[in-house]
Amino acid sequence: MRSVLNIINPYDPGIFPEDVGEAIQLASNENPYEPSENVKKAYLEALKKINRYPSAHYRKLKEYIADYIGCDISNISVGCGAGELIGRICDCIADELDKVVIPVPSFTLYAIYAMLRNTSIQNPYFPNYEVEADVIAEMRPKLVFLCSPNNPTGNTLNRKTVERIAEFSEYVVLDEAYVEYADESLVDLAMEYENLIVLRSFSKFFGLAGLRIGYCISSPRIAEAIEKVRLPFAISQPAIHCAIAALSDLEYYKKLRDITIQERERLYKELKSFKWLKVFPSKANFIFAKTSIDGLAEMLLERGIIVRSIRSLIGLEGSHVRITVGRREENDILLNALRSIDESIGGKTSTK
Ligand SMILES: *Cc1c(COP(=O)(O)O)cnc(C)c1O
């Protein structure tokens, strides 16, 4: 086996109800609502055709995505989740010892796939992921991975920062998996900068995490390359049908998004009242907080709630939690659990 495998830590997917029994899932940044009726119908309709391969070029799906984004179909490439596309982008771009720059703290999958290409990875650290374009520009990277809104910190990058990094790097990936929860997308930059790849997913806003659909917006040259290296039938037949139905039901998903944003703002205010949490503002469907209670995630788990504990992520010191914004009633249960924890510790420890 390749020696690089010895130094790659497995991707940590966190705890799932499968591991612990019935629990409220606020750990994986999923959309907490059911799919629209049309998506459910599309899934059942597709069942009749699962003896057939899906259409290999995904033309219809790409047309719907291009329409949603406002670009040409030649700008779109697709894959089995945005996660898979991170790997294929590395396959297309990164050679041995190429300099790959990943500002931290951020999503861990970038480093896993970059390491598999035997690249030379650099992790400039920016407190609270306040990325400084000049620092990255000076590194003259082959490939940069940016994430906005960033997982796990929840903040966004501004247009100037991304533009400047694109000007001084050979290739830039801008991961916009959570962008529908933010105020602005920078996807138009992918039409302006030949070397910029914007990464999107159906797993968050469109609530199709269980079906695995991701896509990239880039120059046609990069889109062709990604299409060349991905698995020929990467997206299943039911997934295609559901993605198209979801794109046709935008109003439904925007309403859910608006509720999630309202709940995010409510949670943010409520969470700030706990002395032992330092809460960061978020433009995604989750909230990130530093905590002085080291076992907070475990205490919540005892109360039937799964949140993401973040203890040893490169670029972060101390204990943090990332809490997905759930449905209103789920968020209420979370807040009650936090209040009971607050009482049990007597409000003694403080992060402030
Ligand atoms: C969830 C997530 C993705 C998308 O993953 P899928 O493979 O499409 O489910 C991509 N990037 C980040 C930062 C994420 O948090």
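Residues are numbered from 1 along each chain as its sequence is written, and side-chain values use heavy atoms, with hydrogens and water left out. Because the model is predicted, local features need pLDDT of at least 70 and side-chain atom pairs count only at pLDDT 80 or more, whereas totals for chains, interfaces and linings use all residues.

The ligand sits in the largest pocket, a pocket being an open set of points on a 1 Å grid over the protein atoms alone, where a 1.4 Å probe fits, with protein on both sides within 12 Å along at least five of seven lines; a molecule sits in a pocket if more than half of its atoms lie within 2 Å of its grid points. Of the 14 residues around the ligand (a heavy atom within 4 Å), those that come nearest are Asp175, Tyr178, Ser203, Lys204 and Arg212. The shell comprises six nonpolar, five polar and three charged residues, where Ala, Val, Leu, Ile, Met, Phe, Trp, Tyr, Cys and Pro count as nonpolar, Asp, Glu, Lys and Arg as charged, and the others, Gly among them, as polar. Helix 4 (residues 81–93) gives the most to this shell, with three residues; helices (H or I, at least four residues) and strands (E, at least two) are DSSP runs, numbered from the N terminus.

Oxygen atoms of the ligand lie 2.6 Å from a side-chain N or O atom of Tyr178, 2.9 Å from a backbone N or O atom of Gly83 and 3.3 Å from a side-chain N or O atom of Lys204, each a polar contact (a pair of N or O atoms within 3.5 Å). Taken alone, the ligand exposes 390 Å², of which the protein buries 91%, with areas from the Shrake-Rupley method and a 1.4 Å probe.

The structure holds 15 aromatic pairs, defined by ring centres of Phe, Tyr or Trp (its six-membered ring) within 6.5 Å, with planes under 30 degrees apart counted as stacked, over 60 as edge-to-face and the rest as tilted. Tyr68 and Phe206 form an edge-to-face pair, at 5.5 Å centre to centre and 65° between the planes. Tyr68 lies in helix 3 (residues 59–69) and Phe206 in the loop between strand 7 (196–201) and strand 8 (214–217), so this pair ties together parts 138 residues apart in sequence.

Cis peptide bonds join Val104 to Pro105, with omega about 0°, and Asn151 to Pro152, with omega about 15°.

Notes. Polar contact = N/O pair within 3.5 Å; in protein donor to acceptor, adjacent residues only side chain to side chain. 1 Å grid on protein atoms, 1.4 Å probe; cavity = no way out; pocket = protein on both sides within 12 Å on 5 of 7 lines; lining within 4 Å.
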